[in-house]
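Thanks for making time. I will go through side-chain contacts today, charged pairs and then rings.

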Amino acid sequence: MSGTRRVVTALAAAALLSTAVVAVSANPALAAADQVAAGGYAAVIKRTSYGVPHITASTIGSVAFGQAWAYAEDRFCDLADQIVKVRSERSRYFGPGPGDANLATDFAYANLGLIERAQAQAATMTGDTRDMVNGFVRGYNAFLATKGAARVPGWCAGQAWVKPITAVDLLAYDRDIALLASGGALIFPIAAATPPSTAALAVSKQQVKADVDRLTEQSRAVSSNGWALGADKSQTGKGMLIGNPHFPWEGELRFWESQLTVGGSLNVYGASLGGLPGVQIGFTDKVAWTHTVAAGARYTFYSVNLVPGQPTKYTVDGVPEAMNGKTVTLKVKQPNGSLADVTRTMYSTRYGPVLDLSAIDPSLGWNEFSAITYRDANIDNDKLIPTWLAMARATDTNGLKNAIAANQGIPWVNTIATDSAGNAFYTDSSPTPNLSPASIAEWASNPLNLLDGSNSANAWVNEPGARSPGLVPFARQPQLTRRDYVFNSNDSHWVPNANQFLTGFTPLQGPEGTPLTVRTRQNAKLINGQAKFALADLGPTILSGDTYTASQLAAYTVSACQARGHTPVVVDGTAVDIAPGCAVLAAWDKQMELASRGAVLWRETIGAVVAANPDALNEAGPLFGVPFNPADPTRTPRGAPASPDGILAGLARGMQRMRAVGLPLNVQMSQVQYTIKNGVKIPVPGSTENLGIANMAQYQPAPGTSLEPFMDPGTFVPGSDLTDKGYVVNYGTSFLLTLAYTSSGPSAKCILTYSESGDRSSPNYSDQTQLYSQKRLRDCSYSTTAINADTKSVEVIAATA
C-alpha cells in the first residue's frame with residue numbers, strides 16, 4: 001500500500017471544535033481512532049485511484065461520520081449552499097435576487113415547512129436512521145471546524161453563509177430531495193401565489209412556466225437507463241447490472257462515489273446525491289440496483305371554489321373553509337449591506353400550498369372565483385435513509401423488494417435490480433396518489449390533470465398498507481422478477497421487458513399502451529441484440545454511438561437526397577441546395593462518435609424535423625413509416641417514411657443551422673461537443689436523446705438550484721440546441737456502473753463522468769472526465785485486497801459524540 005497516512009482528531013468543546021493533525025508512520029488501525037474518539041465517532045478513509053473514498057467504521061454512525069468528512073473534502077459547497085436554501089436564508093446573504101428569485105425561494109420553502117417537518121422528524125428518529133443522520137452532521141461539521149470557513153474547498157470558501165449544520169438542516173434538505181418531482185419543482189408558482197388585489201413578488205411568468213413545464217415533463221431532460229440482466233442473459237449465469245443515470249454535471253444534484261463498510265453488517269459501494277447519507281445507486285456482495293426517474297405523478301393539482309368576497313376562504317361540498325395563513329418574515333440583504341425585514345403571508349388549503357399557474361392559462365391564477373392548489377405525495381416522506389440502508393443489507397432481489405415494501409421511501413424513481421443468484425427485478429414504487437375511478441376519469445380529462453378540490457369525492461383514498469394516507473400501497477404497484485432481463489429508460493412501467501407488459505395500474509403510476517421514446521426503443525434494441533453479455537460488453541454497449549434514427553433512416557435519407565441532386569429544398573422561404581449535406585451524410589460512419597464527421601449534421605437534421613413536427617418520433621409521419629403498435633412497442637414506430645420531404649427539409653434546416661455559426665458541414669464531433677474544466681475543453685461522447693441514443697449528452701439551462709456559477713453554453717441558434725460555442729455539455733451520463741456477479745463475487749467497472757471532486761485545485765477535478773472522453777471505464781475497487789492494492793492515501797478521523 002502506498003500514499004499518505006494521517007490521523008485527524010476532532011474534539012468538541014461546547015459549540016467549538018479543537019482539532020489536531022498527527023502524522024503516523026504505521027498502517028493506521030481503526031482501534032487507534034476508537035481510542036481517540038472515546039465513545040464518539042471514528043472512521044478510516046482510504047482513497048483509491050481517482051480519489052474514490054472507501055470508509056470503514058465499527059458503527060453506522062461512524063461510517064456516516066466518515067462519509068460526510070470525505071464528501072466535504074470533495075463537495076463541501078454543494079451541501080452548504082442547499083442548507084441556506086432550505087433554511088429560507090438566501091435573501092439574507094444574497095439579497096432579493098434577480099426577479100425576486102431569492103425572495104421567492106425563501107418564501108416558498110417557508111410555506112412548504114421543511115424545517116418544521118424536519119424538527120418533528122428529528123425528535124422521533126431512532127436506531128440506524130438517527131445514528132446515520134447524527135454521524136453525517138458530525139462529520140461534516142468536524143471537517144468545517146478543522147479547515148475553517150476560509151479554507152474549505154470550492155466556490156464557497158470564506159463566505160458568510162458557510163456555517164455548521166444541524167440534523168434538522170440535513171433532514172430538511174433530504175426532504176427537499178424527496179420533493180424533486182413535486183413541490184420542489186413548484187417553488188416559483190408557490191411564491192407567486194397572492195390573493196387578488198395584493199401586491200405580488202416580481203416573479204417572472206417565464207420562470208413559473210419553466211417550473212411547471214419541467215414538472216409535467218414537457219421540457220425536462222430526464223433520460224437515465226437501467227438494465228438488470230438475469231442468469232439467462234449473462235455469460236456468468238449470475239446477475240448483471242447497468243446503472244446509467246443521466247443527471248446534472250453542475251450544481252447540487254451531482255452524484256458522488258464512495259464505499260461504506262461496517263464490520264459484517266454493511267458493505268456497499270456506489271453513488272449518492274450530496275446531502276443524503278448512504279448509497280442510492282450501487283452494489284453489495286449479493287445484490288445490485290440502480291434507479292431511473294419514473295413517469296408517474298407524485299402530486300395532484302386541485303382547483304377550489306372561493307367564497308364570494310373572501311379570497312382566502314374556499315368551499316368543500318358547499319361548506320366554507322379558511323385557508324391556512326402562514327406569516328413569514330425574512331431578513332433581506334440591502335444594496336448597502338444592511339438587513340431589512342420583508343413580511344408576507346403564504347396560504348395553503350387542506351391539500352397544500354396555493355399556486356399561481358396563470359403563466360400557463362390566465363384562468364389558473366388566484367382570482368376572485370377560484371384558486372389552484374396541490375397535494376404532494378412526498379411531503380411526508382421521511383423514509384429515504386432507512387429505505388436505502390435496508391436495500392444495502394438485502395441479500396437478494398426478494399430481500400431488496402421486501403426492504404422497499406417495508407419502508408416505501410423511494411421518492412420518484414423506478415428501481416432496477418439484480419442479484420448473485422441471477423434474478424432481475426423491476427418496480428416503480430414511487431409514491432402515487434390513490435384516487436377513486438371517478439376521480440381518475442376527471443384527472444385524465446384535461447391536459448393539466450386538474451381535479452375539482454371543492455368536491456371531497458376527489459380526495460385521495462386511504463388504503464391499508466400505504467406508507468402515508470392516500471397513497472397506493474406497494475403491493476398494488478408495478479413489479480416484476482424475471483430470469484432474462486428487465487429495463488427502464490424513463491418510460492412508464494408498462495414495458496419492463498420486450499416480451500412482458502405490466503398493465504392495469506392507475507394512470508397516475510404512468511401511461512400504458514402509449515409509444516415509447518426513441519431512446520427506450522434503442523435500449524431494447526441493444527439488450528436484444530446480444531444473446532448473453534459479459535462484463536466487458538456492458539460499457540461499450542451502453543456507450544455505443546449507434547442511434548435508432550441513424551440505423552433506421554440514414555441510408556434512406558442519403559438515397560433520397562442523392563436522387564434529388566441539386567434541386568433545392570425550400571424551407572422558410574429560402575432555397576437550399578442540400579447536395580453538399582447529402583455528400584457529408586453519405587461519407588458519415590452513421591455513428592455519434594467523437595471522431596465522426598456528419599454526426600453534427602445528423603443531430604441538427606433530426607432536431608429540425610422534431611422541432612417542426614413534435615410527434616415525429618412517436619408516430620408515422622415525416623420520420624417513420626410503420627406506425628406505433630401497442631403489441632410491439634419496442635420496435636415501433638420504425639422504417640422509412642412514405643415521403644422524404646420532411647426529412648429533407650430537416651436536412652436543409654440542419655445545414656442552415658450549422659452555417660449560421662460557421663461550422664463546416666463535415667465538422668468532427670469532437671470539435672463541437674465538449675465540457676469545460678478549468679478553462680480546458682474536454683470532448684464528450686454521446687448526444688441528445690431525440691436521436692435514439694442510449695448515452696445522453698446535452699446542455700440544461702437549470703440543472704439544479706445551486707447558486708454556483710454554471711458553464712456558459714453560448715448563444716443558441718433559434719430552434720436548436722446548437723450555439724455559437726457548439727454543444728456545451730453539463731447534463732447526461734453521470735455515474736455509470738457496470739457489474740457482473742461471478743463465482744468470486746461482484747466485479748464492476750464504472751466511471752463518474754464529471755470526476756469526484758468539485759474543487760478546481762484537486763487532481764480529481766477532471767481526471768475521470770478525461771477518461772470518459774475516451775469512453776474508458778475503470779475498475780471499482782470493492783474487495784479489501786483490491787482497495788489495499790490501490791490505496792493512495794489514508795485518513796483516520798475521530799470526534800467525540
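By the rule used here, the count of salt bridges is 28. Keep in mind that this is a predicted model. I will take three of those pairs.

Start with Asp 74 and Arg 47, a salt bridge in which the closest N and O atoms are 3.0 Å apart. Asp 74 is in helix H2, residues 60-86, and Arg 47 is in strand E3, residues 41-47, so this contact ties together parts that are 27 residues apart in sequence. Are these two residues buried or exposed? Both Asp 74 and Arg 47 are buried. They also belong to a network of salt bridges that links Arg 47, Glu 73 and Asp 74.

The next pair is Lys 331 with Asp 341, a salt bridge at 2.9 Å, N to O. Lys 331 sits in strand E15, residues 324-333, and Asp 341 in strand E16, residues 339-348, so the pair ties together parts that are 10 residues apart in sequence. Lys 331 counts as partly exposed, because its relative accessibility is 39%. Asp 341, at 49%, counts as partly exposed too; the cut-off for exposed is over 50%.

Then there is Arg 603, which forms a salt bridge with Asp 721 at 2.8 Å, N to O. Arg 603 lies in helix H17, residues 599-612, while Asp 721 lies in the loop between strand E28 (697-698) and strand E29 (727-728), so here the parts tied together are 118 residues apart in sequence. Arg 603 is buried, with a relative accessible area of 3%. Asp 721 is partly exposed, at 30% relative accessibility.

Arg 603 has a ring contact as well: its charged end sits over the ring of Tyr 727, 3.6 Å from the ring centre. Likewise, the charged end of Lys 677 sits over the ring of Tyr 765, 4.2 Å from the centre.

Now ring against ring. How many aromatic pairs does the structure hold? There are 23 aromatic pairs. In one of them, Phe 76 and Phe 143 have ring centres 6.2 Å apart and planes at 40 degrees, so that pair is tilted. It links distant parts of the chain, with Phe 76 in helix H2 and Phe 143 in helix H6, residues 127-147, 67 residues apart. Both Phe 76 and Phe 143 are buried. Ring pairs join Phe 76 and Phe 143 with Trp 69 and Tyr 140 in a cluster.

Last, Tyr 485 and Phe 487: their ring centres are 6.2 Å apart with planes at 55 degrees, so this pair is tilted. Tyr 485 is buried at 2% relative accessibility, and Phe 487 is buried with a relative accessible area of 1%.

Notes:
Residues are numbered from 1 along each chain as its sequence is written. This is a predicted model: local features need pLDDT of at least 70, side-chain atom pairs count only at pLDDT 80 or more; totals for chains, interfaces and linings use all residues. Side-chain values use heavy atoms; hydrogens and water are left out. A salt bridge is a side-chain nitrogen of Lys or Arg within 4 Å of a carboxyl oxygen of Asp or Glu. Helices (H or I, at least four residues) and strands (E, at least two) are DSSP runs, numbered from the N terminus. Buried means under 20% relative accessible area, exposed over 50%, partly exposed in between (1.4 Å probe, protein chains only). Rings of Phe, Tyr and Trp (its six-membered ring) pair if their centres lie within 6.5 Å; planes under 30 degrees apart count as stacked, over 60 as edge-to-face and the rest as tilted. A charge sits over a ring if NZ of Lys or CZ of Arg is within 6 Å of the ring centre and within 35 degrees of the ring normal.
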